[in-house]
Amino acid sequence: MPTKKLWILCILISFISLSGCHKKSSSKKLRIAFSQCIGSDAWRETMLKEMKRELSFHPHIEFLYTDAGGDNQKQIEQVREFLKQDIDLLIISPNEAEPLTPIVDSVFRQNIPVIVTDRKTSSGLYNAYVGADNHAIGALAAQYLSNHLQVPSKIVLVTGLPGTSASVEREKGFREAVKEYPHLQIKKTISGQWLKTSTIGEIQANISDFQNVDAIFAFNDQMAMGAIQSLKTNPKASSQLIVGVDALPGGGNGLEEILNGQMTASLLYPTGGAESIKTALAILYKQSYQRENLLNTAVVDKTNASLLNLQYQKIDDQQNDIDRQQQLLDDQQRIYNSQKTTLNVLIVSLVLAVVFGGIAIIALKSNWEKNKHLELQNNEIVQQQNQLIQMSNQIKESSDARSNFFTNISHEFKTPLTLIITPLEDLMYQDGLPKETVHQMERMKRNAEKLLKLVNELIDIQRFSKEKLSLQASPHDLNKFMSRIVQSFKPLSIKKKIAITYSNPTSVQLLWFDSNLMEKVFDNIISNALKFTDKHGRIDIRTELNQFGDHLLIRIIDNGKGISREHIDHIFDPFYQGVRSHEGSGIGLALAKEIVTMHHGQITVSSKENEGTSFTLRLPVGDQHLTDEEKDLSPLPMPAEVLKSNIILGDEPPEIDRCLVIHKGHVHSILVVDDHFDILDLLVEKLQDHYNLYTAPNAEQAMKIALKSVPDLIITDVMMPGKSGFDLVKTLKADTRTSHVPIIVLSAIDSEENKLEGARARADAYITKPFHLERLLATAANLIKSREDLKGRYQSEINITNITSDKTTSDIDRAFLNNLSAIVETHLANPKLTVEDIAEQMNISRIQLYRRVKSLLDCGVNDYILTRRLKKAKHLIMEGYNINEITDKVGFASSTYFATAFKKAYGMSPTSFKKNPGGV
């Protein structure tokens, strides 16, 4: 009976094991098919090698490969065969664009994902494209040759197979870029058909054209080597720079020719094999992926060829190690499967007990080895986690930098709001205004305050990093949208006498984009063009379709000042201010690039100094590039009227002298310091009826004016070029000549940290922008009155107040007396204070000091000091201080001398005055 149960148990275990094996073996693998146009050259062999290398990490993928040998019809038939094999995804490198387009479109319409690599089709119906930017490669080659050919030079182009997108785009990129270098001339263009042998034949047939040629640009390394071989055998040809494309490693390829000194340089043309497989896996696994995968390129010459060759060798060594490990894993898998099959057979036999024992030992050993392997993997995971932590810290630092920016940029937002709200409030309080006018002003004020609130909310949002900008694209009538943009700039363009035109000769009418975000892009670029274009200039906005019709190019071209080469490479860098550091925050173009990138597009710029600048927006046509989350299927209709009546950007104030002196015979004077013309002009307009005014555009000028004129009050902005307003306050408060002058600080930053910094700098008042003008005027009047009261409290019987208030007293005399009063008051407790000390601090001689004091006050300097001490002593006695304390505070050497001097001046002793203050 037990034997029967054992047999039943063995049969059940065998059935379960065989079922599991059958289930595992019957699981369907994913099939990726790759149709190569021609696989015989080294570059495409490298592409295939990279694909297989990437697939080695995915053994569950079945890879099908065909080589069309450069035959269009053969490649079409091979794709049809793939369709019969139930493939899950097609990767294709078209031999030529037009002939292969119908079959690729057919595969795409059958809902089979298609990845186009290296060369494109004409329709653009595919899921993704992987390849280098051939247009950029052509442009980079022109730039390289321009740098190495400083004199007028002639160039021969050796193009690839006509009709291939790579050849067409490289030639187009080269020709467009050459226009930037007048000393380069394209003498001849021949077609090498991408082959070394064809190139040799073409050059031999046109050898006379290669005399007096300075450089040859071949569209791949094989054609470049064909040119080298042809020119070596012909004595009539001169030596030239020879530049190719690919820079592949290995014998007979471009990298070796550069190291041997045969070829001058080659442009690295990534094969994109690994990227194609990664994109394919993302599509099959329903993960996010990028439709246009443009691979980076670089110039390879003797300066970096050795390093690149070492990197290639290292990669090959690593791949060989991976292949060996994969082979070991396969061997282990085969051993495992064999043992499992043996176990399933032996489990139904009578010797099952012995076999189980052996398998148990093997299983224990296998588990020990696996645990050891898992431990190694765990260590690798820990290292990767540490790297992720470092990356997270870097991301946090970047996020903090963005948050700090929004705090600083509030200055730029709040300054124009100040210039809206403050004059508007002033106008609203005028009598006799029509009711409709008052209503319109209230509306303007309400919306300006709403805008201020939105600015503050924006700063708070960025400060706490709670939200992220998202794309909400919808279809828009391109012509209406652009007309609206152009119309909004008409008032400013008419004022500056600059013509703005827009034309759209393409068939594209509807374009998918987020109108709110895209409007910021055009506003920024066009306003910059207006700012840097002189009167009677032009700004042209044109559109055109790319070669494949899947992208629309929108160009904004001006004939303004242009951008130098030094700055153009950094023009889209965040916070970069190299072009006009004092005219913006440096984020406008960086933000424009971010927005265009969000739309799956590109923005580029080309420029020449004193000739003009051209910005190009490259935006996808249709909506296949957008996800459902990026679409807004219920967009609001575009308003028919133009909402903007004027654009403030670029409307610069008139050029005037920022250092003004406005003297209208008032008693008190104020120094106003601000780098913003409109703020300066507003304060001058409101203060000149009450005070004599001095103005300065920066802290350096303000220091000179303050030390020379010693005003009664200073009003200064915080954020200015050079030294800040806080620096100005610290400097003036530390100088005895100006330490008594009250200072009001104006700032757009309403934070406790800044207010604390102002207090530490000894500012007398901190007022945030936008400020209420009446409050500013009242604060100024109160500070001047308080300082006058303070001076009067400790002033001597010699009435300096009357003298400095006398309208007949000159500014120089008034400044002298104020300076003298401040120095004496500061050092009043010093019994050793001498006339020489005062003269030294006032930067004049002792004799000059005596003469000026005698002329203005009709007394000696020592008499003036003595009466100031006695006057202060009177007030200290009334405040309850004892005689010894007062003696120390007012600088007398002894209490006896103090009592004698006090009685002589006031007719009673200090003690008697304390008992009867009204007696004096």
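The expected span of a helix is 1.5 Å times one less than its number of residues, and helices (H or I, at least four residues) and strands (E, at least two) are DSSP runs numbered from the N terminus. The model shown is predicted, so that local features need pLDDT of at least 70 and side-chain atom pairs count only at pLDDT 80 or more, whereas totals for chains, interfaces and linings use all residues. Residues are numbered from 1 along each chain as its sequence is written, and side-chain values use heavy atoms, with hydrogens and water left out.

View 1. Because 9 of the 12 residues are buried, H8 is largely enclosed by the rest of the structure; buried means under 20% relative accessible area, with a 1.4 Å probe and protein chains only. The buried residues of H8 are Asp-221, Met-223, Ala-224, Met-225, Gly-226, Ala-227, Ile-228, Ser-230 and Leu-231. Their cover includes strands S6 (153-159), S8 (215-218), S9 (241-246) and S10 (265-268), together with helices H7 (196-205) and H9 (254-259).

**View 2. Packing of helix H3 with helix H4.** The axes of H3 (residues 72-84) and H4 (residues 97-109) come within 9 Å and cross at roughly 10°, where axes are lines fitted to C-alpha atoms over the stretch in contact and angles run from 0 to 180 degrees between N-to-C directions. That crossing makes H3 roughly parallel to H4, a term for angles under 35 degrees. In contact, meaning heavy atoms within 4.5 Å, are Asn-72, Gln-75, Ile-76, Val-79, Arg-80 and Leu-83 of H3 with Pro-99, Leu-100, Ile-103 and Val-107 of H4. By class, these residues divide into 7 nonpolar, 2 polar and 1 charged, with Ala, Val, Leu, Ile, Met, Phe, Trp, Tyr, Cys and Pro counted as nonpolar, Asp, Glu, Lys and Arg as charged, and the others, Gly among them, as polar.

**View 3. Packing of helix H29 with helix H31.** Helices H29 (residues 861-878) and H31 (residues 895-906) pack at an angle of about 95°, their axes being 11 Å apart. This angle makes H29 roughly perpendicular to H31, the term covering 65 to 115 degrees. H29 contributes Leu-866, Leu-870, Lys-871, Ala-873, Lys-874 and Ile-877 to the contact, and H31 contributes Phe-898, Ala-901, Phe-902, Ala-905 and Tyr-906. The contact of H29 with H31 has 9 nonpolar and 2 charged residues, but no polar ones.

Terms used. Angles under 35 degrees count as roughly parallel, over 145 as roughly antiparallel, 65 to 115 as roughly perpendicular and the rest as oblique. Buried means under 20% relative accessible area, exposed over 50%, partly exposed in between (1.4 Å probe, protein chains only).
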